[in-house]
Amino acid sequence: MPELPEVETVMRGLAAVLEGHRITEVEQRRPDLRFPFPDNLVRRVEGRRVLSFRRRAKYMLVRLEGGESLLIHLGMSGRMVARQVGAPAVARLGPQGVASDARGHNEPPEAHEHLVLATDHGWRVGFVDPRRFGSVDLVATDQEDAHRLLRGLGPEPLDDAFTDAVLSAALVGRHTPIKAALLDQGVVAGLGNIYVCEALYRAGISPRRLAASVAGARAARLVPAIKAVLAESIGAGGSSLRDYVRADGELGRFQDRFAVYGREGEACPHCGPGCPGIGRIVQSGRSTFFCARRQR
């Protein structure tokens, strides 16, 4: 599942292609993805100008002229593919934004391309989702946060309003491991397994520690660690794992900077002699990577 940095970079790629332009044609090629497409999607989107973009947690919102927003979730395998009519190549909007491809624009549509938007400046943007765990919906722009998928979300971790006091208040009385608490989208929005592991490592907090015990001084270490790891990943184009590979063969490079994620058995980057190295445990069915010496 793409996490916040990957969704942010996809959104920036979409904005570079679509913002300020009018959607002249919509092709809906199936009735549903994870959920049914919204009623009258084609009629409600065709002819609308794209005004701006917003990311909320792992969701993208495309704000349209006329007061509605397209709500897009990539799911497990979704990606955005853009073709410029008359150009010799295809661009893909993945974790790296816009990337070139060797496929010609006259070739048939990609397999599993379920929704296509054509624009007034000659671009065609498609939503490709082989496993169909993604979703598309329409919501009134002034009611975005009331949408059923968004209304229970916690604060955005990169917002200035997300402070150690806010996190501490959310953790008081929670007797689950801090790893599980941070994956709860009602505590903080957009975090997933990779970046929780990395942030806890940077903050020196054990993933097994009870969440309630992190409130206070430990939260004061954890919040800047969360912000830093997310910002660095966005700057590196996200982490390219599984489906998240640029069409030109390049990857998002943040996986090269992982301190613990996926590094079971390797040496801890910061500990000296006597450190057992990076370990792995399973929490709530997910792998957790950490250093037992550094993280307490």
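Modeller: Happy to; we can start with the whole chain and then take sheets, a loop residue and helix packing.

Modeller: First, a word on the source: this is a predicted model, so I use local features only at pLDDT of at least 70 and side-chain atom pairs only at pLDDT 80 or more, while totals for chains, interfaces and linings use all residues. Residues are numbered from 1 along each chain as its sequence is written, and side-chain values use heavy atoms, with hydrogens and water left out.

Colleague: Fine. How many helices and strands does the chain have?

Modeller: The chain has six helices and 12 strands. Those are DSSP runs, numbered from the N terminus: H or I of at least four residues for helices, E of at least two for strands.

Colleague: And what share of the residues counts as buried?

Modeller: Of the 296 residues, 50% are buried. Buried is under 20% relative accessible area, exposed is over 50%, and partly exposed lies in between, with a 1.4 Å probe and protein chains only.

Colleague: What about contacts between residues 24 or more positions apart?

Modeller: They make up 65% of the chain's contacts with a separation of 6 or more. A contact means heavy atoms within 4.5 Å.

Colleague: On to sheets. What is the strand order in the open sheet of four?

Modeller: It reads β2-β3-β4-β10, with antiparallel pairing. Strands count as paired if DSSP finds at least two bridges between them. At the edges are β2 (50–56) and β10 (135–140), each pairing on one side only. On average, neighbouring strands of this sheet are turned by 25° against each other, direction ignored.

Colleague: Which residue does V62 face in β4?

Modeller: Its bridge partner there is L70. Strands β3 (residues 59–64) and β4 (residues 68–73) are joined antiparallel over four bridges.

Colleague: Which helix lies across β2 and β3?

Modeller: That's α1 (residues 4–18), which runs at about 175° to β2. For such angles, axes are lines fitted to C-alpha atoms, for helices over the stretch in contact, and the values run from 0 to 180 degrees between N-to-C directions.

Colleague: Now β8. Is it mostly buried or exposed?

Modeller: Mostly covered: seven of the seven residues of β8 (residues 113–119) are buried. β8 is joined to β1 (residues 23–28) by five antiparallel bridges, and E27 has V116 as its bridge partner in β8.

Colleague: Where does the positive phi sit in the hairpin of β8 and β9?

Modeller: At G122, with phi near 85°; three residues lie between those strands. The β11 and β12 hairpin has two residues between its strands, and S284 in the turn has a positive phi of about 50°. β11 (residues 278–283) and β12 (residues 286–291) pair antiparallel over six bridges, with V282 opposite S287.

Colleague: Switching to loops, where is L150, and is it buried or exposed?

Modeller: L150 is in the loop between β10 and α3. It is buried, since its relative accessible area is 1%. Beyond its neighbours within four places in sequence, L150 contacts R56, Y59, L61, L71, E144 and D145. L150 and G186 are 36 residues apart in sequence, with 9.8 Å between their C-alpha atoms.

Colleague: Last topic: how do α3 and α6 cross?

Modeller: The axes of α3 (residues 164–171) and α6 (residues 217–235) come within 8 Å and cross at roughly 120°. The two helices are therefore oblique to each other. As cut-offs, under 35 degrees is roughly parallel, over 145 roughly antiparallel, 65 to 115 roughly perpendicular and the rest oblique. D164, L167 and S168 of α3 meet A219, A220, L222 and V223 of α6.

Colleague: How does α5 sit against α6?

Modeller: The axes of α5 (residues 193–203) and α6 come within 8 Å and cross at roughly 130°. That makes α5 oblique to α6. On the α5 side the contact includes Y195, E198 and R202, and on the α6 side R221, I226 and E232 are among the residues involved.
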